[in-house]
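Subject: Structure handover

Dear colleague,

Please find below the structure I said I would pass on. My notes on it follow.

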Amino acid sequence: MRTHESRDKQLEALSGALGIKDNAVLGSLVDLGLRDSNIAALVLAPLVSVAWADGTMDNDERRLIINAEIALGVPPESGGAKLVDVWLAHRPHASLIDAWSAYIGELCKLLTPADAMRLRDDIVSRSKRIAKSIEKSFLRAGGPTDAERAVLSRIEEAFSS
């Protein structure tokens, strides 16, 4: 009973932080370790997913994600930054992109079309830079892998739901 009560509190706090009421979406985020204290990491989930799509994270991808974290205003000592550090060190569960996509679908319902488009353009642009990182492009003599292209497609699709 205490666990159920704790989960309900986590869902309520996350709902308040995100402005989203869908418990299925909130539950999947809670299951991935997201809380109101580290929710800032969620904005970096698509970049992390692209970086890990081929099974490895190189230094160039890591640098791009850290730069995005700074540019997006995630405080270095925050819970969000600590969660991103975990994602940089260890590949997150594949359901991260699913949970992020569901979140974006709900968020876009709350945004104006212009704001949703600006958010989409920023996230897609940053994600494509990760997929075209110098280190991996040099090693594979070309652009993104099929796995990276698949994640990029998922990111774009999230905004059209």
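**Charges and overall form**

The chain carries 20 positive and 23 negative side chains, and the centres of these two sets are 1 Å apart. Lys and Arg are taken as positive and Asp and Glu as negative, while His and the chain ends are left out of the count. Each charge is placed at NZ of Lys, CZ of Arg, CG of Asp or CD of Glu.

This is a predicted model, in which local features need pLDDT of at least 70 and side-chain atom pairs count only at pLDDT 80 or more, whereas totals for chains, interfaces and linings use all residues. Residues are numbered from 1 along each chain as its sequence is written, and side-chain values use heavy atoms, with hydrogens and water left out.

There are 9 helices and 0 strands in the chain. Helices (H or I, at least four residues) and strands (E, at least two) are DSSP runs, numbered from the N terminus. Along the principal axes, the C-alpha atoms fill a box of roughly 55 × 35 × 25 Å.

**Core**

Of the 161 residues, 44% count as buried. Buried means under 20% relative accessible area, exposed over 50%, and partly exposed in between (1.4 Å probe, protein chains only). The largest nonpolar core has 49 residues, and those with the most contacts inside it are Leu29, Ile65, Trp100, Tyr103 and Ile155. Such a core is a set of buried Ala, Val, Leu, Ile, Met, Phe, Trp, Tyr and Cys residues joined through side-chain atoms within 4.5 Å. Helix H6 (95–110) is one of those that supply at least two residues each, and H6 gives the most, with 8 residues.

Leaving aside neighbours within four places in sequence, Leu29 is in contact (heavy atoms within 4.5 Å) with Leu14, Leu18, Leu34, Leu42, Ala99 and Tyr103.

**Two partly exposed residues**

Pro75 sits in the loop between H4 and H5 and is partly exposed, with a relative accessible area of 44%. Pro75 and Asn38 are 37 residues apart in sequence and 10 Å apart in space, C-alpha to C-alpha.

Met117 lies in helix H7 and, at 45% relative accessibility, also counts as partly exposed.

Regards
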